[in-house]
Structures are given as C-alpha cells and as structure tokens.
Amino acid sequence: MLEIVKNVYPFDVLTEDQLHYIISGSKYTTFKKGEFLFHEDETVEELDIYFLVSGLAKNVLHRSSGKQYSLRFYYPGDLIGIMIMLTSGEMTFSVQAMEDCNVFRIQKSRLLDIMTSNNDFSKIIFESIGNRMKTLYDEIKSKSSDQDDENITLFRTKVHNLMDSPSFIHEEDSILEAANVMKDRDTYGLVVVDADKTLKGILTQREILSYITEPDRREKVKDWMKRNPFWIRDESFAYEALSYFKHEEVDFVPIMRNDAVVGVLTSTSFLNIQDSNYLDLSYRIQKAVKNEDLVQLATVKSETFQQFIGDLLIQESPGYDVCEVISNYNDRLHRKIIQLTEKEMREEGYGRAPINYCFIVMGSQGRSEQGFHTDQDNGIILDDYSHLSDTKRVDSYFQAFTEKLNQKLDACGFPECTGGIMAKEQKWKRSYTDWKKAIDEWLHEIDAQEVQNTTMFYDFRPIYGDYSIAEEIRRYLAEKSKRSLSMQQLLRKDALRFKLPVGPLGRVNLKPKNHLFNIKKSGLMQIVNMIRIHCVKYGVKEVNTIKRVNALRNMQAFHPRDAENVKMAMHILLSLRTRQNLKELKEGKPLSNDIDVRELSKGERQRLKEAIQIANRLQQVMEISFNRNRVV
C-alpha cells in the first residue's frame with residue numbers, strides 16, 4: 001500500500017512516519033460487482049475510509065420516497081467516505097461497487113489523528129468535503145426537479161372549489177365600520193364596492209393596522225383601501241391563483257365571474273387543495289411502525305380517503321387525475337410496507353438486502369389509473385449477482401422478503417393476483433440480465449402467454465429501490481419491442497378480440513341482459529390497449545395512458561383532436577368506475593367494474609355512449625392497420 005499511495009494526492013503531503021501510521025492500521029479488501037462498500041443501514045460510527053485501488057463504484061442517495069439516485073462515481077485513487085467522516089447519526093446514502101473493486105480500508109480514527117497534526121493534509125480533506133457537498137447539493141437539486149409532482153390536484157382544481165364567500169364594504173363607509181364587519185364575520189379582508197356593486201378595491205387587516213399606526217386620520221374606506229387589486233376568474237386553476245400569492249406577495253384575491261365578485265382567496269384557502277384529513281392519512285402512513293397500523297389506512301378501509309376521492313369527483317376533477325391520486329396513495333402504502341418488511345428481515349436475522357433491487361408495479365397501478373377494485377400486479381428487478389460467491393444467500397433473502405411483502409400487501413387491501421403476477425413468483429422476480437433474457441424470449445418465442453406477459457410488463461413502473469436498473473430495462477424493452485413487427489402484429493390481433501357493444505351502424509348498446517355494463521371490458525381496456533400498441537410501435541417509454549397520448553401527439557403520431565377525444569373518454573369511464581366503487585364501498589357490496597345503466601341519468605348515458613364510440617373508432621383504425629399488415 002505504501003508504494004501505491006505515497007505519491008498519490010493527498011497522501012503525498014504526509015511524512016513517512018504519518019504514512020506508516022495510517023497504513024499499519026489498514027486492511028486490503030475486495031468487493032464484488034453489486035456489493036456495497038457501505039450501506040445506509042450502517043451508522044457513521046461503523047464507517048471507515050476506503051482508498052479505491054481499482055474498479056468503479058457509485059454513490060447512491062436514498063430518498064424517503066423509496067427512490068434512489070446515483071449522484072457520483074468513484075474511480076481508482078479516490079477516497080470514499082470522507083464526506084461523512086465528521087458527521088454522526090445515520091447515513092442516507094450508500095456506496096455500491098459497479099465493477100469488482102479492490103480497496104484499502106483505512107481506520108477513520110487514524111486519519112483524524114493525522115489531520116490534527118498535519119495542517120496541509122487537514123486543509124486538503126476539508127476542501128474536498130466542501131467541494132463534494134456542493135456537488136451533491138447541485139445534483140440533488142437537479143434530480144429532485146425531475147420528480148413527478150404528486151400534488152396533481154394543484155394543477156387540476158378550479159379556483160371556485162377553493163374560494164370563500166366574500167364580505168363587502170362600501171367605499172364611503174368608515175374604517176371603524178369595516179373593522180366591525182371583519183370582526184363580526186371573522187374574515188381577513190373585505191371587498192370594497194361602489195353603489196353599483198362594482199369592484200373598487202380591497203381592505204384587509206393590513207390596511208386597518210396602517211390606519212391605526214399612521215398619524216393621518218382619514219376615516220373613509222376609500223382613503224385606505226388597496227386600489228386595482230389582483231383578481232382572478234372563478235374558472236382559473238389553483239396554480240394560477242397561487243402564483244399571485246407567491247410572486248406578487250398578495251394575501252387576498254377577489255374571484256370574478258363575469259363582472260361580479262363571487263368569492264375570495266386567502267393563503268389559507270390552498271389548504272383545501274388537499275383535505276387536511278388526507279394530509280393526516282399521509283402522515284400516519286409515514287409514521288407507521290408495524291403493518292397493522294396500515295391496515296385501516298387502506299383505500300378500501302379508510303372512509304376519510306373515500307370521502308376525499310368523492311370530493312374530488314364532486315369538484316369535477318378529471319377522472320384520470322382522480323385515479324392518479326388513488327395510485328399515488330397506494331404507492332405510499334407500498335413503500336411503507338416495503339420499508340417495514342426490510343426492517344422485519346433484519347430483526348429476524350436475514351440482515352439487510354445483500355444487493356440492490358427495484359420493486360415495480362404493473363397493470364392499472366403501473367399506469368397510475370388505479371381504482372378501488374384492484375389486486376396485486378407487481379414484480380422485482382434484482383441487480384446482477386451470479387458472479388457473487390454466495391448466490392444462495394441472495395436467493396434465500398429475496399424469496400423470504402417477497403413472500404412477506406406480498407402477504408403484507410394482501411393484509412392492507414391488495415389481494416394476491418389470481419394469475420400469479422407477484423414478486424414472490426420466480427417469473428416476476430429476476431435479475432437485471434435475466435429480465436433482458438425474458439424480454440428476448442417473449443418477443444421471439446411468441447405465443448398467447450408471451451403476448452400477455454409483454455402486455456403486462458410493458459406497463460411496469462418502479463416505485464421503490466434502485467430506479468436506474470428499472471430505467472435500463474425500460475429502454476431495452478421499448479427498443480426491442482419497437483423492432484419486433486411480429487409482436488406488434490400479435491398485440492393488434494390480441495387487442496381486437498375484445499369487442500365493444502357497438503352495432504354495424506355505430507349504435508351503442510347500453511341494454512345488457514342483466515343491466516350491468518362492465519366499464520373495464522367494454523371501453524377502458526380497448527382504449528388502454530390501442531394506445532399501448534401505438535407506443536410500442538413508436539418506442540414511447542411513458543406508462544400512463546394520458547401521458548402516452550400526449551407523447552404520441554407531440555411526435556405527430558396522433559392527431560390533436562384524437563388525443564383530446566381519448567382524454568375525454570378516459571375521464572368519463574374512470575369517473576363512472578370510481579363513483580361506482582365508492583357506492584359499493586358505502587353499501588358494503590363487493591367491488592366490481594360493473595355499473596347498473598338503469599341508475600345513470602340521461603346525460604351520463606349519453607356521455608358513456610360517446611366514450612364507447614371513441615374506443616370503437618380507435619379499434620376500427622387498429623383493425624384496418626391489422627388487416628393491411630397481416631401476414632398470411
């Protein structure tokens with residue numbers, strides 16, 4: 001080690017005695033590809049410093065959402081671990097070997113001793129820590145900005161759903177009268193109007209304080225009101241109003257409909273974007289310490305969550321946004337259950353996960369289109385580990401881990417998949433390389449089962465763990481599927497099997513024998529399938545149907561009119577299904593995708609017909625394409 005490091009920066013500033021002191025307490029160690037040099041589960045006290053002799057390693061940041069980011073790489077000659085050498089407590093990142101790595105493990109205590117006696121060496125170390133902290137901060141900022149915004153209701157909620165009733169005062173009234181109105185109505189501000197009820201300005205507690213503290217004793221409201229205030233239309237979106245509060249430093253905004261003030265917004269109005277009870281649910285998920293704490297928080301158990309979803313529907317939020325809210329909530333439950341399962345594995349002596357992994361969801365949850373009627377469609381992508389000396393330990397760990405996990409999910413309202421699409425099944429628990437092999441098999445050894453596997457897997461979405469290996473699989477799947485014309489043709493053929501209740505002349509039949517209309521099989525499934533096939537053809541990597549449609553429109557593979565039609569149809573179908581599920585939950589009935597058409601209003605039946613006709617047109621276009629490209 002002396003020969004390796006004595007001329008290497010920063011060891012070249014040490015005396016020979018200081019070098020010998022560090023080296024005599026060091027140990028030469030090898031880490032195989034995929035192994036962790038150290039992991040977030042370890043405490044800082046357990047950490048030593050690593051000098052990387054050969055190989056490549058990466059720094060992995062662990063976020064509370066379950067997502068991991070690779071923030072930097074380590075190359076031969078780098079010191080690993082110095083950034084947290086002077087900290088205490090738990091780490092939030094790990095270092096993983098990307099290749100076989102040979103390292104010298106240096107005792108942290110000896111390095112600290114040398115830093116106290118060699119100012120040049122200490123200065124170099126502190127400068128390195130500072131530079132790395134700045135780099136990490138910039139990277140974290142950049143990566144965080146790429147995260148999907150889960151508060152989608154902010155961008156979908158209309159202002160009229162948030163506003164409070166306005167209180168008025170005449171511009172000729174006195175400040176004392178205005179103060180009494182504020183006190184009586186317990187309001188922060190008043191809308192100032194003239195005799196014709198025309199908006200003239202606003203008067204808030206801020207102006208009242210100005211009146212009290214300033215020597216000018218003018219008494220009229222018009223003398224103190226804020227003229228030409230910011231205002232916004234009642235059909236505007238919440239984020240438009242919020243921009244006033246953020247950038248214009250306003251705290252009271254009138255809401256206009258035509259020329260009349262119909263409401264007001266204050267900074268507290270935005271607390272209604274997500275009901276405080278819903279925020280309480282999210283907090284309770286985060287603070288849960290055992291699986292039993294989560295059972296009553298499941299979507300099918302929590303009346304609070306169901307009320308929240310019902311309110312979104314009443315507010316006429318798009319059906320696909322409402323389903324995304326449900327999916328995001330279920331993602332949170334999944335992540336917490338995974339964390340509790342990891343903890344249980346450690347408590348039972350299995351230790352932490354021996355390699356990196358990524359937990360994925362598929363089906364409606366993968367597409368973020370989940371309703372209340374759902375089951376488990378999940379899998380797991382393991383980092384490659386065949387080169388490790390103890391592969392049986394890896395197999396044993398993840399078999400026990402996934403069995404526990406699927407069982408806990410079942411207890412929390414996610415029934416096990418009858419088709420066996422679960423992480424505990426070997427078919428859906430593979431290493432990175434084995435997943436690529438499976439994709440190749442599905443695309444070349446084509447039969448009905450492979451078509452089904454491809455369809456299911458194409459909708460996967462990572463929700464916990466090392467997202468980078470999932471993203472690599474996503475790219476591989478998209479590129480391979482795009483080139484497989486035979487698979488695309490079979491996907492078309494498979495999708496066309498599911499016929500819609502539409503007659504030869506385009507009439508929609510809404511009179512099934514038992515009056516029950518299956519939303520999923522007679523509308524949703526056809527739209528999802530048709531859009532997915534277009535995405536396979538053009539290599540689109542988006543998973544959510546609405547995002548897929550937008551991507552196809554942006555690359556001019558889809559006409560803007562057709563894209564809007566698909567969005568409207570998805571909104572109608574998902575809203576009807578969600579409303580039906582809420583009704584079934586309230587009445588204690590089994591959840592289903594069936595709606596009784598007799599209970600629909602005339603307007604709802606008409607909108608349902610429009611959605612089915614849109615799905616039918618998509619299927620007709622696909623059928624023409626299938627017949628044109630059919631191989632006889």
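Buried denotes a relative accessible area under 20%, exposed one over 50%, and partly exposed the range in between (1.4 Å probe, protein chains only). The model is predicted, so local features need pLDDT of at least 70 and side-chain atom pairs count only at pLDDT 80 or more, whereas totals for chains, interfaces and linings use all residues. Residues are numbered from 1 along each chain as its sequence is written, and side-chain values use heavy atoms, with hydrogens and water left out.

**Whole chain.** Of its 632 residues, 52% are buried.

**Helix H2.** Select residues 16–24, and within them the buried Gln18, Leu19, Ile22 and Ile23. Viewed down the axis of H2, these buried residues fall within an arc of 130° and therefore line one face of the helix; the arc is that of the directions from the helix axis to the C-beta atoms. Then turn to the face of H2 directed away from its buried side, where Glu16, Asp17 and Ser24 are exposed.

**Helices H16 and H18.** Select residues 448–457 (H16) and 485–495 (H18), whose axes lie 10 Å apart at an angle of about 90°. The two helices are therefore roughly perpendicular to each other, a class covering 65 to 115 degrees. In contact (heavy atoms within 4.5 Å) are Glu450, Val451, Thr454 and Thr455 of H16 with Met487, Leu490, Leu491 and Asp494 of H18.

Methods. Axes fitted to C-alpha atoms, helices over the stretch in contact; angles between N-to-C directions. Helix = DSSP H or I, 4+ residues; strand = E, 2+ residues; numbered from the N terminus. Parallel < 35°, antiparallel > 145°, perpendicular 65-115°, else oblique.
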